[in-house]
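Q: Please go through this structure and say what makes each label apply.

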Amino acid sequence: MEFLFDTAEISLINRYKDMFAYTGVTTNPALIRKAGIVEHTFTHFRELRQIIGPDRTLHMQVVSHQADEMLREAITMLEKVDNGICIKVPVTPDGMRAMKELKQRGVRVTATAVVTQMQALLALALDVDFIAPYYDQMCDIGIDGGELIRMLADTIEKEGKKTKILAANIKNMAQLRQVCAAGSQAVTLNPQLLEETLQMPQIEKAVKFFDDAWQELHGTTGLCELID
């Protein structure tokens, strides 16, 4: 399972980049707003790219609704940030046109805002690099997100596709477990949610058990201070 940070906040990335083995960062206009990025947007993303390095994926989203303008925005981002970013495009009629053209140009593409099986299959037919099912939104409207992911994973395996499922819109650990079990190869979420999984009372109890055992043996003497 690959973990991507769903944030545009550099402070958040710096906080967690040495804690978790993450493979990329995903962003969108809502996350840009949350990060308070109003001016020097491309400067911000160039800095973000330097922080995460060239081997991790950086996903940036178009904001227009027309295919031609989507393409222009994609080219602008590729030129002003770097030419290896993944361009996020919603799976709409114009989005499909834009994604098809971008793939023909050799651009990395993430099909986003996916909430139906047909969206997923149509994007897969374009051989996009990532497909991002919006899991929480699917649950909200009564769509079985796990079934969609399983269907997509089976199709990718049967057809030998290289597209990765990037489960998105994950709100809690139950949803994370569900998308993993369904066959998603990657998930994007706020890294704070990952930290919360390390703060369960049972973990603290286990650590205290070991602490008590050590103190019974050696008191306050640390392991490195033991006499050999």
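**Labels and their grounds**

The buried residues of α6 pack against α5 (93-104), β5 (109-114), β6 (130-133) and α8 (145-159); helices (H or I, at least four residues) and strands (E, at least two) are DSSP runs, numbered from the N terminus, and contact means heavy atoms within 4.5 Å.
This is a predicted model, in which local features need pLDDT of at least 70 and side-chain atom pairs count only at pLDDT 80 or more, while totals for chains, interfaces and linings use all residues. Residues are numbered from 1 along each chain as its sequence is written, and side-chain values use heavy atoms, with hydrogens and water left out.

Q: Which residues of α6 are buried, and why are they said to line one face of the helix?
A: In α6 (residues 117-125), the buried residues are Q119, A120, A123 and L124. Seen down the axis of α6, they fall within an arc of 130 degrees, so they line one face; the arc is that of the directions from the helix axis to the C-beta atoms. M118 and A125 are exposed, on the face turned away from the buried side.

Q: What makes E2 and K164 a salt bridge?
A: A salt bridge is a side-chain nitrogen of Lys or Arg within 4 Å of a carboxyl oxygen of Asp or Glu. The closest N and O atoms of E2 and K164 are 2.4 Å apart, and the pair forms a salt bridge. E2 lies in strand β1 (residues 2-6) and K164 in strand β7 (residues 164-167), so the pair ties together parts that are 162 residues apart in sequence. E2, at 22% relative accessibility, counts as partly exposed, and K164, at 28%, also counts as partly exposed.

Q: How do you know that R97 and D94 form a salt bridge?
A: Their closest N and O atoms are 3.6 Å apart, and the pair forms a salt bridge. R97 and D94 are three residues apart in helix α5, so about one helical turn separates them. R97 is exposed, with a relative accessible area of 53%, whereas D94, at 25%, counts as partly exposed.

Q: How many salt bridges does this rule give?
A: The count comes to ten.

Terms used: Buried means under 20% relative accessible area, exposed over 50%, partly exposed in between (1.4 Å probe, protein chains only).
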